[in-house]
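Visitor: I would like to learn how to read a structure feature by feature. Please give the general idea where there is one, then the case at hand.

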Amino acid sequence: MHPKRKQRLIVALVIVFLSSVTIGLITYALRGNINLFYSPSEVAAGEAPIDRQIRVGGMVVEGSVRRASDRLETRFDVTDFVHSVTVTYDGILPDLFAEGEGVVATGKLGPNGVVTASEVLAKHDENYMPPEVAEALEKASARGSMQ
Amino acid sequence: MWRIIHQFGSPPWVYRFCDKVIPWLMPITIVALLGGSVWGLLFAPTDYKQGDSYRIIYIHVPAAVVALAGYYVMALAGLVSLVWRVKLADTAMRAAAPIGAAYTAIALITGAIWGKPTWGAWWVWDARITSMLILFFLYVGVIALFEAYENKTVAARACAILSLVGTVNIPIIYKSVDWWYSLHQPASIKFTGSSAIDASMLYPLLGMIITFYALFALLMMLNLKQSLTEEYAQSAWLNKRLAA
């Protein structure tokens, strides 16, 4: 290789390497801000600030959804299967909101540990299948749990 | 081996190559686009949870995949232009930028349209969506930077450096859903192990991804031909070719 070209190649690769390191360090330092939400474990550990707008994300606990009879208000628990946080929300929930599904709730964490949400988003998972397949899977798992 | 690589640096050879490939690549791509869309939008089964709104995947995912791959095409052309000073590499780098920007815009817009019924929001500043927006700005930045210089040799060098630095963003986009908590779900298609998407939905998706790659190649060649026609308007080889 021509020495001049070799030198230019090395310079180009060094530029890419140094910018990777720089951006890597920046994103590492900002990882708390890049995370879209706090997990219930982080909330339980006191890492989430109180009385400031935060997001909490996790699975809606099966059987935890309670709806008020006279208002839109809904209460449910969000879990990461280690800890859970109670969320209250007075508004219209997205169509894909359901027990056992992922959610991200934006709101304020009160001193009592309850998040008063101003927005609830459904977090869709990566599973895509036709209804018949989902039904078959459900039947198979039901049969499995009966045995 | 070296001769083949050297041919790709020769404008008359590349021009002839494009002229040879385009007449059959264009009809194949159009048929595949139509066929893939009909397969995905009409014949693939509905999703058990999202119903029909998931069908935007057949545009969204192929556009996003090729937007990332296209960036490497642009950056690689930038590297060749920077190190070996091949003029054609400049042209290739500039040809890739607007196509990549369009693919990224399609991915962002279809994502927003899908996000509203699925998540309940058009836009969320999570790691995947934000890094994808940065990719869009990088593509647009390369276009703008090239136009900002009077001296086109300097412009090409600046663009090459910008596109090389921008490659850092590609693995970030790809891994963002695994590295950080995000609203966007992780990848459904897995290179190792079984995919999280049913085969009846996966095959039309893979077909559309391949088609979007073919479309990228086609647009790239059309763009290259256009640029070469402008750059070499006074050259004997081009005039002879156009007269024939």
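**Reading the model**

Guide: Start with a helix: the 32 residues of α4(B) should span 46 Å at 1.5 Å a residue, and the end C-alpha atoms are 47 Å apart, which agrees. Keep in mind that this is a predicted model.

Visitor: How does one think about side-chain direction along a helix, and what comes just after α4(B)?

Guide: An α-helix has 3.6 residues a turn, so residues three or four places apart point the same way. Just after α4(B), Gly120(B) takes a positive phi of about 105°.

Visitor: Next, strands. Which strands of chain A pair with β3(A), and in what sense?

Guide: The general idea is that in a regular strand the side chains alternate between the two faces of the sheet. Here, β1 (residues 53-60) of chain A runs antiparallel to β3(A) and is joined to it by two bridges. Met59(A) has Thr79(A) of β3(A) as its bridge partner. Strand β2 (residues 66-67) of chain A is also antiparallel to β3(A), again with two bridges. In that pairing Arg67(A) is partnered by Thr74(A).

Visitor: Which residues of β4(A) are the bridge partners of Arg75(A) and Thr74(A)?

Guide: Arg75(A) is partnered by Thr88(A), and Thr74(A) by Tyr89(A).

Visitor: Is Phe81(A) buried or exposed?

Guide: Exposed, because Phe81(A) has 10 other C-beta atoms within 10 Å, and a residue with 12 or fewer counts as exposed. Its loop lies between β3 (74-79) and β4 (84-89) of chain A.

Visitor: In what sense does β4(A) pair with β6 (residues 114-123) of chain A?

Guide: Those two strands pair in the parallel sense, over four bridges. Thr86(A) stands opposite Val114(A) in β6(A).

Visitor: What surrounds Ala105(A)?

Guide: Ala105(A) lies in strand β5 (residues 102-109) of chain A. Ala105(A) counts as buried because it has 24 C-beta neighbours inside 10 Å. Leaving out residues up to four places away in sequence, Ala105(A) touches Arg55(A), Val56(A), Val78(A), Val87(A), Tyr89(A), Val115(A), Ala117(A) and Val120(A). Phe37(A) is 68 residues from Ala105(A) in sequence, but their C-alpha atoms are 8.4 Å apart in space.

Visitor: Which residues is Ala96(B) in contact with, beyond its neighbours within four places in sequence?

Guide: Ala96(B) is in contact with Gly70(B), Val73(B), Met74(B), Ala77(B) and Met220(B). Met74(B) and Ala96(B) are both among the core residues that touch the most other members.

Visitor: How many residues of each chain are in contact across the two chains?

Guide: In general, the size of an interface is often given as the accessible area lost when the parts come together. Counted by residues instead, 36 of chain B are in contact with 33 of chain A. On the side of chain B, the elements that give two or more residues are α3 (57-84), α4 (87-118), α6 (152-166) and α8 (199-231). Of these, α3(B) gives the most, with four residues. The residues on that side divide into 24 nonpolar, eight polar and four charged.

Visitor: Last, how is chain A divided into domains?

Guide: Chain A is divided into domain 1 (1-34) and domain 2 (37-123). Their C-alpha centres lie 40 Å apart.

Key
Residues are numbered from 1 along each chain as its sequence is written. Chains are lettered from A and ligands numbered from 1 in the order in which they are written. This is a predicted model: local features need pLDDT of at least 70, side-chain atom pairs count only at pLDDT 80 or more; totals for chains, interfaces and linings use all residues. Two residues are in contact if their C-beta atoms, placed from the backbone, lie within 7 Å. Ala, Val, Leu, Ile, Met, Phe, Trp, Tyr, Cys and Pro count as nonpolar, Asp, Glu, Lys and Arg as charged, and the others, Gly among them, as polar. A nonpolar core is a set of buried Ala, Val, Leu, Ile, Met, Phe, Trp, Tyr and Cys residues joined through C-beta atoms within 7 Å. A residue is buried if 20 or more other C-beta atoms lie within 10 Å of its own, exposed if 12 or fewer, and partly exposed in between; C-beta atoms are placed from the backbone. The expected span of a helix is 1.5 Å times one less than its number of residues. Two strands pair if DSSP finds at least two bridges between them. Domain bounds come from an automatic or database domain assignment.
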